[in-house]
Amino acid sequence: DGTLTKQIAAGTFDDIFVGDYIIGKSSGRKYLVADINYRLHCGDTECTKPHILMIPERTMGNAQMNANNDTTGAYVGSAMYTANLAAYKTVIRNDFGTEHILSHRNLFANAVTSGYESAGTWYDSDIELMNECMVYGSNIFHNIMNGTAVSYNYTMDKSQLSLFRHRPDLIPARDTNGSRTWYWLRDVVSAASFAHVNDYGPANSSLASYSLGVRPAFLIY
């Protein structure tokens, strides 16, 4: 009825709490409130709109990061970014309405040298994979230095989502059938692997050609 939108726009977030959920109007999928104003005042073009960061409770399906075991081009150069996320973005847009999903600026890696992210820039963004910092609160498998003094260790998403800080049991995910499953994160680990959250709970990494769960994050306003 528009109440939620008004509460977000006012910046009061009345009766909205981390851990609350919204049922998608088209898919019936459950989405969790993972943080509030997570990217406010960030971006090369400042994000000024109050917002809620949402994630699906369960993975939305499986996809590859790349057809081959190759991380060239990092997240932005991956098949996940350029093609495989598209179907899941459509589900989310149909569930919330494109007019309620906040497009903003985010900083992504776009090149890899010797298995570490070596370049990147600002991109228009709406629905993306999470990174290790958002999930765990730190880098674990993400190859940030590779023994060198120079690397592309820049990220706007630099703190753990409040949902995972208070409910670490929600870091492991289940698929649509209720079975524990692993899901991709966008961090490069090596020349052949990206980071993921393992179905048993630990941080892990997998070869880019593996088909793992997709659990993206997005902002609503």
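**Exercise 1. Describe the lining of the largest cavity by class, position and volume.**

Solution. By class, the lining of the largest cavity divides into seven nonpolar, five polar and three charged residues (Ala, Val, Leu, Ile, Met, Phe, Trp, Tyr, Cys and Pro count as nonpolar, Asp, Glu, Lys and Arg as charged, and the others, Gly among them, as polar). The model is predicted: local features need pLDDT of at least 70 and side-chain atom pairs 80 or more, while totals for chains, interfaces and linings use all residues. Residues are numbered from 1 along each chain as its sequence is written, and side-chain values use heavy atoms, without hydrogens and water.

Next, the position: E117, H142, Y154, T155 and D187 lie nearest the centre of this cavity, among 15 lining residues. A cavity is a set of points, on a 1 Å grid over the protein atoms alone, where a 1.4 Å probe fits but cannot get out; lining residues have an atom within 4 Å of a point. β5 (104-113) and β10 (183-188) each supply at least two residues of the lining, and β5 has the largest share, three residues. Strands are DSSP runs of E, at least two residues.

Last, the volume is about 140 Å³, taken as the space filled by probe spheres set on the points, which are joined across faces, edges and corners.

**Exercise 2. Which strand gives the most to the lining of the second largest cavity?**

Solution. Start with the residues nearest the centre: R39, E128, L129, R186 and A217, out of 14 in the lining. β5 and β7 (127-128) each supply at least two residues. β5 gives the most, three residues. By class, the lining has six nonpolar, three polar and five charged residues.

How values were computed:
On a 1 Å grid over the protein atoms alone, a cavity is a set of points where a 1.4 Å probe fits but cannot get out, and a pocket is an open set with protein on both sides within 12 Å along at least five of seven lines; lining residues have an atom within 4 Å of a point. Helices (H or I, at least four residues) and strands (E, at least two) are DSSP runs, numbered from the N terminus.
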